Amino acid sequence: MAHRSSRRPTASAPAACPCGLPAEYADCCGRLHRGSAHATSPQELMRSRYSAFVVGDTAYLLRTWHPSTRPPALELDTGLRWQRLEIVATEGGGPFHSEGVVEFRAHYRQAGRNGAMCERSRFSHLDGAWVYVDGDVTVTD
């Protein structure tokens with residue numbers, strides 16, 4: 001996802017969770033962002049990371065990034081508005097797996113144009129928690 005200017009989480013987070021599940025943000029991805037729960041699967045982590053991009057929670061994004069691939073800092077593009085997330089496919093990531101893959105499409109609007117970022121993301125189970133490792137990204141307009 002785009003990495004430009006830094007933002008903190010919004011003071012009034014959205015009521016509906018940006019991840020697309022039928023739950024309020026506070027009870028869905030918000031609990032992961034606050035640290036009161038941890039993602040139980042790569043898909044749940046992917047959804048919470050997408051929501052973190054939507055609300056501008058760079059601290060959560062960095063905290064859930066594998067140390068071997070984590071950037072030293074993260075700046076988000078403030079001109080980009082994430083609109084919705086589609087999970088395309090998942091592989092692995094079950095309770096007995098140490099790795100998992102989530103393929104997704106994240107729709108956005110920037111400079112009056114719609115686009116989509118597609119990524120095949122790799123996740124690893126590290127020290128009892130799922131973390132984002134890296135991904136193969138394509139962007140479409």
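How far apart do the end C-alpha atoms of residues 41-135 lie, and how much of the span is helix and how much is strand? They lie 16 Å apart, and the span is 21% helix and 48% strand. Here helices (H or I, at least four residues) and strands (E, at least two) are DSSP runs, numbered from the N terminus.

The model is predicted, so that local features need pLDDT of at least 70 and side-chain atom pairs count only at pLDDT 80 or more, whereas totals for chains, interfaces and linings use all residues. Residues are numbered from 1 along each chain as its sequence is written, and side-chain values use heavy atoms, with hydrogens and water left out.

**Figure 1. The annotated span, residues 41-135.** An unreviewed UniProt entry places the feature "domain: YchJ-like middle NTF2-like" at these residues. UniProt positions are given in the numbering used here, feature names are shortened, and annotations may be inferred rather than shown by experiment.

**Figure 2. The hairpin of strand 2 and strand 3.** Strand 2 (residues 99-110) and strand 3 (residues 113-126) run antiparallel and are joined by 12 bridges. Two strands pair if DSSP finds at least two bridges between them. Arg105 has Cys118, in strand 3, as its bridge partner. Two residues lie between the strands of this hairpin, and Ala111 in the turn has a positive phi of about 50 degrees.

**Figure 3. The hairpin of strand 3 and strand 4.** Strand 3 also pairs with strand 4 (residues 129-140), in the antiparallel sense and over 11 bridges. The bridge partner of Arg122 is Asp134, which belongs to strand 4. Two residues again separate the strands of the hairpin, and Asp127 in the turn has a positive phi of about 50 degrees.

**Figure 4. The surroundings of Val133 and His66.** Val133 lies in strand 4 and is buried, with 18% relative accessibility. Buried means under 20% relative accessible area, exposed over 50%, and partly exposed in between (1.4 Å probe, protein chains only). Not counting residues up to four places away in sequence, Val133 touches Trp65, His66, Thr69, Arg122, Phe123 and Ser124. Contact means heavy atoms within 4.5 Å. Val133 and Pro67 are 66 residues apart along the chain, yet their C-alpha atoms are separated by 8.3 Å. His66 lies in the loop between helix 3 (58-63) and strand 1 (80-92), and at 16% relative accessibility His66 is buried. Leaving aside neighbours within four places in sequence, His66 is in contact with Ser124, Leu126, Val131, Tyr132 and Val133.

**Figure 5. Aromatic pairs and a charge over a ring.** Rings of Phe, Tyr and Trp (its six-membered ring) pair if their centres lie within 6.5 Å; planes under 30 degrees apart count as stacked, over 60 as edge-to-face and the rest as tilted. By this rule there are five aromatic pairs. The rings of Phe53 and Trp82 are edge-to-face, because their centres are 6.4 Å apart and their planes stand at 70 degrees. This pair links distant parts of the chain, with Phe53 in helix 2 (residues 42-55) and Trp82 in strand 1, 29 residues apart. Both Phe53 and Trp82 are buried. Trp65 and Tyr132 form an edge-to-face pair, 5.3 Å centre to centre with 80 degrees between the planes. Here too distant parts of the chain are linked: Trp65 is in the loop between helix 3 and strand 1, Tyr132 is in strand 4, and the two are 67 residues apart. Trp65 and Tyr132 are both buried. Ring pairs also link Tyr50, Phe53, Trp82 and Tyr108 into a cluster. The charged end of Arg49 sits over the ring of Trp65, 4.9 Å from its centre. A charge sits over a ring if NZ of Lys or CZ of Arg is within 6 Å of the ring centre and within 35 degrees of the ring normal.

**Figure 6. Cys17 and Cys29.** A disulfide is a covalent bond between the sulfur atoms of two cysteines; the cut-off used is a pair of cysteine sulfur atoms within 2.5 Å. The structure holds zero disulfides. Cys17 is in no disulfide, and the nearest cysteine sulfur is that of Cys29. Cys17 is buried, with a relative accessible area of 7%, and Cys29 is buried at 2% relative accessibility.
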